[in-house]
Amino acid sequence: MTPHTSPLLRKRIPTALAILAAGTLSMASASAQTTDAAPDQGTASAESSDSQWAIGLAGGINYQVYRDFDDSVRGLPLITYENQWIHVFGPGMDVKLPSLGPVSFRLRGRYIGEGYESDDSPYLEGMSDRDSSVWVGGVATWRTDIVNLSAEVLADVMDNSKGTRTKLQIDRRFATGAFGFTPRLAAEWVDSKYVDYYYGVAPGEVRTWRTAYEGDSTVNAEAGLRIDWRPAPKHAVFLDMGATRMGSTITDSPLVDEDTQYGFGVGYFYRF
């Protein structure tokens with residue numbers, strides 16, 4: 001965000017985008033996979049040279065693990081676009097690379113809404129704001145007849161946290177009539193810089209009720225389910241639910257009083 005962006009927008013835009021994150025409602029999964037008609041979650045679409053557009057609306061809520069955090073329902077319009085080379089999904093974009101058999105490769109950039117402002121919770125009073133970032137890296141996806149396996153590595157290119165994150169995910173879409181059900185399990189490793197930025201307490205932020213804390217790397221575990229419904233050609237509705245069990249170095253933070261973060265989102269897309 002630029003220095004002239006209003007505090008209200010700085011607060012609401014990242015929160016609304018985070019609603020769709022696949023561990024806390026993944027933006028990539030919720031928008032990209034819901035607009036794919038094929039039950040293999042996009043294989044046919046990725047191999048097509050035809051461009052495809054979709055527009056829609058999405059909203060929902062993330063229940064953060066921060067103490068006394070002001071969780072609110074948010075919503076925003078979304079747009080997706082895909083052709084032979086790129087895939088744009090809301091606040092993210094993939095550049096498609098040559099595949100190796102059943103394994104596909106992509107360069108990925110994503111704006112991930114995280115962090116907080118000091119007025120999001122009385123307990124955060126006196127803390128410096130923690131900002132959302134653009135994360136860039138790559139992802140490899142192995143599609144089998146049974147499940148899809150993916151590995152994603154991203155780095156914070158805005159140097160807010162200066163961190164890196166690696167995510168391993170397993171999922172599969174089951175189709176029945178106009179409905180699709182996609183359960184997922186994932187584990188995400190986040191490094192010490194990430195944990196320290198979003199959950200640490202610097203010496204200058206210490207108060208009588210808040211001790212200093214320096215974060216370390218950890219692994220978060222996620223389970224989720226996305227339901228998509230296609231009531232008519234070109235129309236799609238999705239519902240996404242997820243829960244993330246935070247790693248020990250996050251739950252040990254004095255800023256945190258919960259060990260599990262929940263998310264719920266719903267949206268609609270029209271595909272041209």
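Trainee: Which residue forms a salt bridge with Glu82?

Mentor: This is a predicted model, in which local features need pLDDT of at least 70 and side-chain atom pairs count only at pLDDT 80 or more, while totals for chains, interfaces and linings use all residues. Residues are numbered from 1 along each chain as its sequence is written, and side-chain values use heavy atoms, with hydrogens and water left out. A salt bridge is taken as a side-chain nitrogen of Lys or Arg within 4 Å of a carboxyl oxygen of Asp or Glu. With the closest N and O atoms 3.8 Å apart, the partner of Glu82 is Arg106.

Trainee: Are Glu82 and Arg106 buried or exposed?

Mentor: The pair links distant parts of the chain, Glu82 in strand β2 (residues 74–82) and Arg106 in strand β5 (residues 103–112), 24 residues apart, where strands are DSSP runs (E, at least two residues) numbered from the N terminus. Relative accessible area under 20% means buried, over 50% exposed and in between partly exposed (1.4 Å probe, protein chains only). By that cut-off, Glu82 and Arg106 are both buried.

Trainee: How many residues apart in sequence are the parts that Arg184 and Glu222 tie together?

Mentor: The side chains of Arg184 and Glu222 meet in a salt bridge at 2.5 Å, N to O. Arg184 counts as buried because its relative accessibility is 4%, and Glu222 counts as buried at 7%. Since Arg184 lies in strand β10 (residues 179–190) and Glu222 in strand β11 (residues 218–229), the separation in sequence is 38 residues.

Notes:
Helix = DSSP H or I, 4+ residues; strand = E, 2+ residues; numbered from the N terminus.
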